[in-house]
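Here is a short briefing on charged side chains. Look over the structure first, then work through the points below.

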Amino acid sequence: SMTKQEIVKQIARESGIEATTVSAVVEGFMEEVRAAQIRKENVFLRGFGTFLIKHRKEKTARNITKNTTLKIPAHDIPAFKASPELLRLVK
C-alpha cells in the first residue's frame, strides 16, 4: 500500500510541481473530504468514486465469552464506493 508521502512524491515527480505544494494540495483535499463527512455530506468524484456516510441501525450483539447480549446503538460510518470505471480497471 502507498503512504500519503509516497503519493505526494509520485505526483511531484510526474507533474514537476514541488513536493511541498503537492503536499499542501493533498492535505487540503483530505481536510475537505473530512469536513464534508463530519457534516454528513457525500463527496462525489466522477470516474473515481464517492466518499459517503453509511448509517448503521441499532442492533443486538452477543458477547460469546460472557454469554451476554448488548445493544450497539445506531451510528454513522465513513465509507468509500468506487465508481464503475474504477471497478473495471481494478478487476
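Glutamate 27 is partly exposed, at 35% relative accessibility. The model is predicted. Glutamate 27 pairs with lysine 4 in a salt bridge. A search of the whole structure finds 5 salt bridges, and three of them, including this one, are described here.

**Lysine 4 and glutamate 27**
- The closest N and O atoms of this pair are 2.3 Å apart.
- The pair links distant parts of the chain: lysine 4 sits in helix α1 (residues 4-15), and glutamate 27 sits in helix α2 (residues 19-38), 23 residues apart.
- Lysine 4 is partly exposed, with a relative accessible area of 35%.

**Arginine 39 and glutamate 41**
- These two residues form a salt bridge, with 3.1 Å between the closest N and O atoms.
- Glutamate 41 is partly exposed, at 37% relative accessibility.
- Arginine 39 is also partly exposed, with a relative accessible area of 47%.

**Lysine 40 and aspartate 76**
- Aspartate 76 forms a salt bridge with lysine 40, and the closest N and O atoms are 3.1 Å apart.
- Aspartate 76 counts as partly exposed, at 30% relative accessibility.
- Lysine 40 is exposed, because its relative accessible area of 51% is over the 50% cut-off.

**A positive patch**
- Lys54, Arg56, Lys59 and Lys81 gather on the surface in a patch of positive charge.
- One of them, lysine 59, is found in strand β3 (residues 59-63).

Note on methods: Residues are numbered from 1 along each chain as its sequence is written. This is a predicted model: local features need pLDDT of at least 70, side-chain atom pairs count only at pLDDT 80 or more; totals for chains, interfaces and linings use all residues. Side-chain values use heavy atoms; hydrogens and water are left out. Patches are made of residues with over 30% relative accessible area and no salt bridge: like charges are joined within 9 Å, nonpolar side chains (Val, Leu, Ile, Met, Phe, Trp, Tyr) within 5 Å. Accessible areas come from the Shrake-Rupley method with a 1.4 Å probe; for residues, only the protein chains shown count as cover. A salt bridge is a side-chain nitrogen of Lys or Arg within 4 Å of a carboxyl oxygen of Asp or Glu. Lys and Arg count as positive and Asp and Glu as negative; His and the chain ends are not counted. The place of a charge is taken as NZ of Lys, CZ of Arg, CG of Asp or CD of Glu. Helices (H or I, at least four residues) and strands (E, at least two) are DSSP runs, numbered from the N terminus. Buried means under 20% relative accessible area, exposed over 50%, partly exposed in between (1.4 Å probe, protein chains only).
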